Amino acid sequence: MNNEEFRKYGHELVDWMADYFRDVESYPVLPDVTPGDIIKQIPPKAPAQAESFETIFSDFKEKILPGMTHWESPNFMAYFPANKSKASVLAEMLMSTMGAQCMMWLTSPAAAELEEQMMNWLRDMLGLPSHFTGSIQDTASTSTLCAILTARERATTYDINQRGFSGDEKFTIYCSEQIHSSIDKGAKIAGLGLEQVRKIPTDALYALKADMLRKQIEEDIANAFRPLCVVSAIGTTGTTAVDPIAAISDICEEFRIWHHVDAAYAGTVLVLPEMRWMSEGVERADSFVFNPHKWMFTNFDCTAYFVKDPAALVNTFAISLDILKTDVDNEVKNYRDWGIPLGRRFRALKLWFVIREMGVSGIQEKIRSHIAYGQWLKAEIEAHPDFELLAPVVLNTLNFRFKVDEPDGTLNSLNKQIMDNVNKSGKLFFVQNVLEGRFALRLAFGGTELEKRHVENAWKLIQEEAESVYGRFKKQT
Ligand SMILES: *Cc1c(COP(=O)(O)O)cnc(C)c1O
């Protein structure tokens, strides 16, 4: 492709992208495909001869687009949003155009320094303590793994990195039963073993019970285990429950345990001063992670990982290779030493574009509106005789079910049918949760273009489907 062709196709693609943003709401959120439908349209062998860009792009529209799940649709209410904004997409285009590989300061000084300043911006926007510093990572999972590895190394004065496990270590790690699966994964990769992950029971709000945490730690110490790390959550994945961060910080300080806070989704909400009750005690945590790529309008991937003691992080990950040495190594941050990969994308550029284009107040306004829609739907469900909430609604994630006078087993299958039918319609996409054996319809919404009417419509679709599913069920029995 020559430069003039690039210019031409680039313009065409941007036009297509603008149309996509305009029209995505009318696309079926979930594609109507079955496994194997797409791969059979893709030739099994790579083409020997060059193909025209027109052919490639038209295949994209014909073969790929119909098989996409539209995360950008405001009717996407599954998992958590991976929202984006137009400014972040444009920044992504510049990033890939320059293709900078930001492993260290010298390989793109502007990238390193912008990253440092964006982390400062984010820290202050979220009201995190001024002694936090950090770097941008690919995912929360990687950041949590970094936290566990750093905790392990600090506790052993960096000995396992050097010599490997002796076989006598009996490290334990703590989190609530509601914590994200990335903690289990981190414990596996860090060599601690799943059996050493202690899942602490939760209270009626699905938040970790601090007294049970203390009890488990004391019991483990009595049995010659070595408590290494507690991972608490500000916003669990199932119900956005908030663990008691201050009480956990107390315990971690007392027993000298690393305290890592996983705020992957809900961290963004701390841009609202009125929501900072959630993070009380965070100033005493050792590390904190949140994903601007979930709810802060910055397209995937972009994770902010903050630490109290960057020296511990760098001591865990630093490498020293002749080819990477530069004259300024003592004056700059070489972010390759702040995490796992050597190669790094210029993610700070996206944040810089997004935060400036929306302004902190623009971000706050959107987050506030998403929470307000969540609270509106909560009230609707509470007022409905045939629906019930299955978990507190802290923000904009709702767990509820259609509830008529039938046994739990029947309710579970009725609710699954409601979900499946709504999802099949293409008008909405959400997923289930299971809470104490009860099948919950779980709606989480925070898309960039989300308006109240989308939430109203989702609620209407679910009520209508519930009526029709239950009507058919009644006729059969
Ligand atoms: C989404 C999520 C994660 C994982 O995030 P990735 O960036 O995809 O690794 C971890 N913890 C919580 C609470 C989450 O909601």
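**Entry 1: ground rules**

I am working with a predicted model, in which local features need pLDDT of at least 70, side-chain atom pairs count only at pLDDT 80 or more, and totals for chains, interfaces and linings use all residues. I number residues from 1 along each chain as its sequence is written, and side-chain values use heavy atoms, with hydrogens and water left out.

**Entry 2: the ligand**

I then went through the polar contacts. A polar contact is a pair of N or O atoms within 3.5 Å; within protein, one must be able to donate a hydrogen and the other to accept it, and residues adjacent in sequence count only if both atoms are side-chain atoms. In the side chain of His 293, an N or O atom is 3.3 Å from an oxygen atom of the ligand.

On its own the ligand has 390 Å² of accessible area, and the protein covers 87% of that. Accessible areas come from the Shrake-Rupley method with a 1.4 Å probe, and for residues only the protein chains shown count as cover.

Helices (H or I, at least four residues) and strands (E, at least two) are DSSP runs, numbered from the N terminus.

**Entry 3: Thr 303**

I followed Thr 303, which is found in strand 7. Thr 303 counts as buried because its relative accessibility is 1%; buried means under 20% relative accessible area, exposed over 50%, and partly exposed in between (1.4 Å probe, protein chains only). A polar atom of the Thr 303 side chain lies 3.5 Å from the backbone nitrogen of Thr 139. The Thr 303 side chain also reaches the backbone nitrogen of Ala 140, at 3.4 Å.

**Entry 4: the loop between helix 10 and strand 7**

Phe 297 is in this loop. Its phi is near 65°, a positive value in a residue other than glycine. Is Phe 297 buried or exposed? Phe 297 is buried, with a relative accessible area of 0%.

Asp 301 has its place in the loop between helix 10 and strand 7 too. A cis peptide bond joins Phe 300 and Asp 301, with omega about 5°.

I checked another positive phi, that of Arg 256, which is near 55°. Arg 256 sits in the loop between helix 9 (245-255) and strand 5 (258-262), and counts as exposed because its relative accessible area is 74%.

**Entry 5: core and domains**

The protein chain is divided into domain 1 (3-68), domain 2 (100-345) and domain 3 (363-476), with bounds from an automatic or database domain assignment. The centres of domain 1 and domain 2, taken over C-alpha atoms, are 38 Å apart.

A nonpolar core is a set of buried Ala, Val, Leu, Ile, Met, Phe, Trp, Tyr and Cys residues joined through side-chain atoms within 4.5 Å. The largest has 49 residues, and Leu 122, Val 269 and Phe 288 have the most contacts inside it. Elements supplying at least two residues each include helix 3 (86-98), helix 4 (109-125) and helix 12 (348-383). Helix 12 gives the largest share of this core, nine residues. Why does this core lie between domain 2 and domain 3? The core lies between them because both domains give residues to it.

**Entry 6: the loop between helix 11 and helix 12**

Ser 320 is found in the loop between helix 11 (310-317) and helix 12. At 60% relative accessibility Ser 320 counts as exposed. Gly 339 has its place in the loop between helix 11 and helix 12, but counts as buried at 5% relative accessibility.
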